[in-house]
Amino acid sequence: MSVVFVISAPSGSGKSTLVRRVLDSDPKLAFSISYTTRKPRGTEKEGQSYHFVDRESFESMAAADEFLEHAEVFGNYYGTHRGYLDRARTGGQDLVLDIDVQGAAQLKEKIPDAVSLFILAPSRTELAKRLRARSEDSEEVIERRLREAAEEIRHYRRYDYVLVNSEVEQSVDRLRAIIAAERMRRTRMETAIRPILQSFEETGG
Ligand code: 5GP
């Protein structure tokens, strides 16, 4: 059974870098590419970071119950297509979702076994510094992102894990450790344990 890892974080927390790093080094992990009605930014290409669709297409997909969860975030729709989970299950992979706090709550309702993780910058000052350093946004947008971060952070209690991203390498190690530990939960080990138990039974103890 695939483990579903749900990751949320305010913009600028370093989430994308951490997610990319663990995905690149772990072929057993698949990433769910969301559908969104927001326009592509900069070098974003269709099917890489997102599937870009218009509102009408998104709404008809939602009406056809194609999404595991979907939400409106900052005026645009975002949704996780069921196909990604089906494919991960068929291919024996675990699945990583990068979704907002509303989506994470919906997903936990549907898949109680999902593992949720909230990533945080170490302080507001540090988050502001990172947002300015990536020089993607105007000062007005940065101020808005900081206000939104303050709102999102209030929901950290809904998550199983909190990762304070102070230093990238350390955070990548910690994220890998969480993934490794969750895969070894007793309830997820039944298939692996069965032949081991059998091997003991065959020799009569
Ligand atoms: P951005 O447009 O900056 O890439 O993402 C904005 C927010 O939407 C982020 O918090 C991101 O995690 C969230 N998001 C991306 N995909 C999904 C999705 O499929 N569902 C939900 N609920 N949120 C998403």
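Colleague: How far from an oxygen atom of the ligand does a polar side-chain atom of Tyr 50 lie?

Modeller: A polar contact is a pair of N or O atoms within 3.5 Å; for Tyr 50 the distance to the ligand oxygen is 2.6 Å. This is a predicted model, where local features need pLDDT of at least 70, side-chain atom pairs count only at pLDDT 80 or more, and totals for chains, interfaces and linings use all residues. Residues are numbered from 1 along each chain as its sequence is written, and side-chain values use heavy atoms, without hydrogens and water.

Colleague: Which elements give two or more residues to the shell around the ligand?

Modeller: Strands are DSSP runs of E, at least two residues, and helices are runs of H or I, at least four. Here the elements are β5 (67-73) and β6 (76-81).

Colleague: How many residues surround the ligand?

Modeller: Near means a heavy atom within 4 Å. There are 15, the closest being Ser 34, Arg 38, Tyr 50, Glu 69 and Tyr 78.

Colleague: How far apart are the closest N and O atoms of Arg 183 and Asp 26?

Modeller: A salt bridge puts a side-chain nitrogen of Lys or Arg within 4 Å of a carboxyl oxygen of Asp or Glu. In this pair the separation is 3.0 Å. Arg 183 is in helix α7 (residues 168-183) and Asp 26 in the loop between α1 (15-25) and β2 (29-31), 157 residues apart. The whole structure has 20 salt bridges.

Terms used: A polar contact is a pair of N or O atoms within 3.5 Å; within protein, one must be able to donate a hydrogen and the other to accept it, and residues adjacent in sequence count only if both atoms are side-chain atoms.
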